[in-house]
Protein chains: 4
Amino acid sequence: MARTVNEEKRLERRKRILEEAVILFAENGYSNTTTALIAKNIGVTSGTIFQYFPNKEALFHAAVLEPLEDIQKKSLALLQQNGTPAELLKNMVKDQFDHIYFYTNELRLVQSVLGQRIRFPELTQKVLDSIKVMTDKIESVYAEGQSMREFNPGFSPAMISRSYISFLNGVALTLGEDIVHHPEWENLKAHAYYLFAPVQHSKN
Amino acid sequence: MARTVNEEKRLERRKRILEEAVILFAENGYSNTTTALIAKNIGVTSGTIFQYFPNKEALFHAAVLEPLEDIQKKSLALLQQNGTPAELLKNMVKDQFDHIYFYTNELRLVQSVLGQRIRFPELTQKVLDSIKVMTDKIESVYAEGQSMREFNPGFSPAMISRSYISFLNGVALTLGEDIVHHPEWENLKAHAYYLFAPVQHSKN
Amino acid sequence: MARTVNEEKRLERRKRILEEAVILFAENGYSNTTTALIAKNIGVTSGTIFQYFPNKEALFHAAVLEPLEDIQKKSLALLQQNGTPAELLKNMVKDQFDHIYFYTNELRLVQSVLGQRIRFPELTQKVLDSIKVMTDKIESVYAEGQSMREFNPGFSPAMISRSYISFLNGVALTLGEDIVHHPEWENLKAHAYYLFAPVQHSKN
Amino acid sequence: MARTVNEEKRLERRKRILEEAVILFAENGYSNTTTALIAKNIGVTSGTIFQYFPNKEALFHAAVLEPLEDIQKKSLALLQQNGTPAELLKNMVKDQFDHIYFYTNELRLVQSVLGQRIRFPELTQKVLDSIKVMTDKIESVYAEGQSMREFNPGFSPAMISRSYISFLNGVALTLGEDIVHHPEWENLKAHAYYLFAPVQHSKN
DNA sequence: TATGAATGAGTTTTCATTCAT
DNA sequence: CATGAATGAAAACTCATTCAT
């Protein structure tokens with residue numbers, strides 16, 4: 001039991017380090033973020049970081065992958081619920097775009113990895129794998145939706161799911177602090193769903 | 001005349017440095033690209049770089065902005081030609097996606113800047129300004145197309161142009177070497193134009 | 001208490017760096033003294049210097065100003081003691097010239113700054129300010145001595161104090177290792193006091 | 001004859017380089033003065049300097065020694081004229097202090113060498129030799145003046161001449177642009193001569 | 001476990017000097 | 001002779017990482 005308390009403390013501190021790392025890596029890039037600054041920002045000294053992560057690169061890996069998995073998990077869960085494919089996808093889009101600002105740092109981190117594939121090859125692979133899990137799921141839900149005539153059957157599910165992920169990333173990338181409060185924002189969100197080419201029954 | 005020869009040589013070499021810088025910065029990121037490596041890759045010694053650029057950051061700025069301007073100029077020219085708005089935009093989309101692989105490095109460079117706004121504030125501003133010129137132009141062409149009933153009049157031109165640019169960037173970001181030769185690629189290109197919500201008169 | 005031990009260690013090491021810096025800067029000049037050499041001479045590695053001084057220039061500033069202040073303080077204290085102005089000034093001259101060899105490096109450092117005013121403008125100003133404190137004090141003591149008929153009343157105290165400081169600096173500048181042990185040395189010291197134009201009552 | 005014209009041109013340009021070198025070395029120090037700047041300031045390109053001086057150090061040597069010799073020559077000439085020792089020395093002091101501002105750069109250069117003896121050992125030696133020629137001459141003139149009862153016979157000529165040179169250097173060192181136009185300046189000049197301890201016959 | 005001083009390899013940048021034109 | 005591009009050695013400074021306390 002005493003162990004557990006210590007264990008909890010350790011996890012708590014590890015989490016704090018990771019949180020700060022996500023912010024700083026996302027804002028300043030990998031190389032321009034010093035481990036000393038991360039340490040300072042959370043009120044520990046430089047050596048402490050290395051009690052929790054073997055080196056800076058491992059910390060970066062964790063900062064990129066762990067939040068990505070959380071986000072994925074959440075989105076996958078949304079697609080596992082009850083509802084028609086169209087409802088599920090609409091729901092997922094809404095959720096992702098509603099939280100896009102909240103996850104900006106995490107998404108930028110992912111993007112920065114994709115922008116430096118040669119430098120971080122294994123990490124890139126893991127990120128792409130993680131994204132693939134997502135697109136695969138979207139693909140299968142979409143295909144089912146097509147068979148139910150909820151979506152235009154003329155499009156390839158693989159292409160559609162890629163398009164959506166690209167769009168999501170592109171929006172996050174060009175996202176500024178001002179945009180989510182911009183009057184156009186709601187329309188942009190709607191347009192994300194439009195990418196799926198839903199069949200509009202009685203919209204006309 | 002003698003001057004012109006030297007001037008040409010200088011420009012030629014400057015161009016070579018810039019080309020190599022684009023490749024390396026895009027592949028490895030700013031901090032992980034050493035000026036010495038750029039020099040080595042083009043067959044000069046470390047000091048030579050600094051005969052052409054005052055420092056590494058200036059080289060980075062040039063590597064980001066100069067190609068961006070070239071790309072923009074080309075795209076803007078396409079929108080200035082004769083043709084209906086729909087034709088012009090279709091043309092532009094085709095051109096940009098046909099060359100996306102050719103410009104992957106340049107686009108990634110732009111993306112890496114946007115991903116590190118705090119670190120490169122002025123450069124970020126210039127990039128955003130440059131992008132705005134593009135979206136503004138697309139907006140006006142699109143609005144004209146709407147008035148000509150070529151595009152669905154229910155969408156805001158500002159949102160549409162943003163969406164397209166986001167999509168373009170998102171695709172470039174998640175683009176792998178394999179994708180452009182993938183059977184899905186042609187469909188993805190078509191989907192980019194679909195974002196503009198063209199009215200399909202008698203296409204069926 | 002534990003803190004105090006560390007603090008003391010830090011101060012001790014800082015002092016060692018400064019001592020070595022004074023020697024090397026004075027002997028080789030600012031630019032020709034490498035931080036690596038300073039480090040090596042005191043048995044640490046290159047990076048350690050920068051744990052104690054933010055950069056080379058700051059180290060130089062400290063190496064110039066801190067000893068200067070020590071010397072000033074000591075001399076000012078001498079002028080604050082009991083005694084007639086003539087006694088005080090004679091005392092000060094004796095002390096300064098007795099220690100001139102001990103402080104040669106420190107004085108040369110000050111001189112090298114004055115010889116590069118354009119390069120070290122703020123430092124020059126601080127040095128001049130520091131010197132002014134000294135000359136002002138000498139001036140006032142001298143003026144009092146004049147009113148007491150200890151000094152020739154025909155001279156301007158401002159000029160006299162400047163002359164003395166110039167002489168002191170000039171001697172330090174042209175001082176060689178051999179001079180202080182030279183038979184002429186005692187006479188030179190006496191001549192420094194002669195600059196004050198003391199009235200020789202019944203010395204003969 | 002054609003040769004002579006070229007020869008003159010060379011000498012002229014060499015002189016221009018030297019003039020500029022004196023200014024820049026004096027103002028910024030040896031290391032902080034780049035050969036490229038010297039070249040630029042006189043309107044030639046970087047390589048040209050090395051057509052006239054084998055390397056930077058040789059240029060520095062020339063910039064230090066040549067003006068020093070000129071100044072020495074002039075002062076020695078003054079001491080070779082007709083007149084009593086007192087007249088000659090008074091004359092020399094007047095001349096040197098009248099021109100001290102004119103020669104500030106040259107004097108500072110000499111001082112900067114003396115301040116970096118370990119770095120410029122041969123140059124230091126030459127400078128000290130050159131100064132010795134001067135002090136020797138002053139010494140002999142002074143000794144003659146003592147024998148003629150123009151100067152206080154109680155002082156050692158060697159000490160007196162050293163004192164004067166030290167004073168001259170000290171004044172030049174602490175000299176600011178403002179001082180030569182300062183009301184105290186004339187008194188300071190007079191005090192320089194006072195160092196020689198002249199016997200004031202009927203001044204009272 | 002946390003600390004934080006020391007390390008030292010690595011990077012940018014400068015600049016005297018060379019040499020082909 | 002003058003040019004000025006290229007060189008490459010040298011120096012300041014950074015920072016992840018270690019380790020004695």
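The following dialogue examines how the terms applied to this predicted model follow from its computed values.

Tutor: In this predicted model, local features need pLDDT of at least 70 and side-chain atom pairs count only at pLDDT 80 or more, while totals for chains, interfaces and linings use all residues. Residues are numbered from 1 along each chain as its sequence is written, chains are lettered from A and ligands numbered from 1 in the order in which they are written, and side-chain values use heavy atoms, with hydrogens and water left out.

Student: How do you know that the same surface serves both copies?

Tutor: Contact means heavy atoms within 4.5 Å. Of the contact residues of chain A, 100% recur in chain B.

Student: Why is B:Gln111 called buried?

Tutor: Buried means under 20% relative accessible area, exposed over 50% and partly exposed in between, with a 1.4 Å probe and protein chains only. B:Gln111 has a relative accessible area of 3%, so the residue is buried. B:Gln111 belongs to helix α6 (residues 104-114) of chain B, where helices are DSSP runs (H or I, at least four residues), strands are E runs of at least two, and both are numbered from the N terminus. Leaving aside residues up to four places away in sequence, B:Gln111 touches A:Leu173 as well as B:Asn169, B:Ala172 and B:Leu173.

Student: What makes a residue near DNA strand E, and which are closest?

Tutor: One heavy atom of the residue must lie within 4 Å of the strand. DNA strand E is surrounded by 32 residues, with A:Arg10, A:Thr45, A:Thr48, C:Arg13 and C:Gln51 the closest. The largest share of this surface, 5 residues, comes from α3(C).

Student: How do you know that C:Gln51 makes a polar contact with a base of DNA strand E?

Tutor: A polar contact is a pair of N or O atoms within 3.5 Å; within protein, one must be able to donate a hydrogen and the other to accept it, and residues adjacent in sequence count only if both atoms are side-chain atoms. An N or O atom in the side chain of C:Gln51 is 2.6 Å from a base nitrogen of DNA strand E. Sugar or phosphate supplies 74% of the atoms of DNA strand E within 4 Å of the protein, and bases the rest.

Student: What polar contacts reach the phosphate oxygens of DNA strand F?

Tutor: They include a side-chain N or O atom of B:Tyr52 at 2.5 Å and a polar side-chain atom of B:Arg10 at 3.0 Å. For C:Lys56, a backbone N or O atom lies 2.7 Å from a phosphate oxygen of DNA strand F.

Student: How do you know that chain B and chain D are not in contact?

Tutor: No contact joins them, and their closest C-alpha atoms lie 13 Å apart. Chain A and chain D also lack any contact, with closest C-alpha atoms 31 Å apart.
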